[in-house]
Amino acid sequence: MGLAEWCLTETVRHTGERHQFGRPVGSFQALKHRMARIWLDLVSARAAARAAADALATGAPDAPVAVAVAQAHAARVAVHAAQECVQLHGGIGMTWEHPAHLYLKRAKSDEIALGTPGRHQETLADLVDLPAPPA
C-alpha cells in the first residue's frame, strides 16, 4: 500500500508542477482520469488489506479468504500505480534522476516474491470451492 500511495502522491505532485501549453499537465482531463483510477484502486486495495488484517487479528474463520482477496488485489494496484507513475513522469520516470523506475522495479519484484495475483486468485478459488472454467 505504501508503494502505491507514494506513486500516486508523487505523480499528483509532478503533474501539478509540470506545465505544458501554459497550464499544469495535471489539469488535463485525460491525466486526471488516470490519477483518479489509481486513487479508486488504492482505496479499494486499502479496504481489502484492512479487512484481511482485521480478520487475522480477530481470528475470523474467513481470514484466509480475506487475505487471498487482499493479496490478489494489492499486488495489481501497486504495479499499476508504479507503471502510471513512470508513464506520467514522462522521460524522467526512467532516469537515475528520479526514483519512479525504482518503485516500478520494487512493485514487480514484490509481486513475484509475494505471489502473483493469479496464484492468489487460484488460492481464493480453492478456498471458496469455485471450480475452474472448462478448458
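I began at L40, which sits in helix α2 (residues 29-58). Helices here are DSSP runs of H or I with at least four residues, strands are E runs of at least two, and both are numbered from the N terminus. L40 is partly exposed because its relative accessibility is 47%. I used these classes throughout: buried is under 20% relative accessible area, exposed is over 50%, and partly exposed is in between, with a 1.4 Å probe and protein chains only.

The model is predicted, so I noted its limits: local features need pLDDT of at least 70, side-chain atom pairs count only at pLDDT 80 or more, and totals for chains, interfaces and linings use all residues. Residues are numbered from 1 along each chain as its sequence is written, and side-chain values use heavy atoms, with hydrogens and water left out.

**Entry: surface patch**

Areas come from the Shrake-Rupley method with a 1.4 Å probe, and for residues only the protein chains shown count as cover.

**Entry: the whole chain**

I then stepped back. The protein chain has five helices and two strands. Along the sequence they follow the pattern α-β-β-α-α-α-α. I read the C-alpha trace as spanning about 55 × 30 × 30 Å along its principal axes. The chain has 135 residues, and 34% of them count as buried. Its accessible surface is about 8200 Å², with 61% belonging to carbon and sulfur atoms. I also checked contacts (heavy atoms within 4.5 Å). Of those between residues at least 6 apart in sequence, 63% join residues at least 24 apart.

**Entry: aromatic pair**

I searched the whole structure for aromatic pairs and found one. The rings of W6 and Y103 have centres 3.8 Å apart and planes at 5°, so they count as stacked. The rule takes rings of Phe, Tyr and Trp (its six-membered ring) with centres within 6.5 Å; planes under 30 degrees apart are stacked, over 60 edge-to-face, and the rest tilted. W6 is in helix α1 (residues 2-17) and Y103 in helix α4 (residues 100-113), so the pair ties together parts 97 residues apart in sequence. W6 is partly exposed at 24% relative accessibility. Y103 is partly exposed too, at 26%.

**Entry: salt bridges**

I counted seven salt bridges in the whole structure. Each is a side-chain nitrogen of Lys or Arg within 4 Å of a carboxyl oxygen of Asp or Glu. I started with helix α1. E10 and R13 meet at 2.3 Å, N to O. They lie three residues apart in that helix, about one turn. R13 also bridges to E17, at 2.5 Å, N to O. That pair is four residues apart in helix α1, again about one turn. E10 is buried at 12% relative accessible area, while R13 is partly exposed at 35%.

I moved on to helix α2. R37 and D41 form a salt bridge with their closest N and O atoms 3.0 Å apart. The two are separated by about one helical turn, because they are four residues apart in helix α2. R37 is partly exposed at 48%, and D41 is buried at 13%. As for shared partners, I found E10, R13 and E17 joined into one network.

**Entry: cysteines**

I checked for disulfides, meaning cysteine sulfur atoms within 2.5 Å. The count is zero. C7 is in none; its nearest cysteine sulfur, in C85, is 4.4 Å away. That distance is too far for a bond. C7 is buried at 1% relative accessible area, and C85 is buried at 0%.

**Entry: positive phi**

I listed two residues here. F21 is not a glycine, yet its phi is positive, about 55°. F21 lies in the loop between β1 (19-20) and β2 (23-24). At 74% relative accessibility F21 is exposed. D129 also has a positive phi, near 55°, and is a residue other than glycine. D129 is in the segment after α5 (117-127), and is exposed at 67%.

I looked up H14 in helix α1. H14 is buried at 13% relative accessibility. Leaving aside neighbours within four places in sequence, H14 contacts L88 and H89. Q87 is in helix α3 (residues 63-88) and is exposed at 54%. Q87 and H101 are 14 residues apart in sequence and 9.7 Å apart in space, C-alpha to C-alpha.
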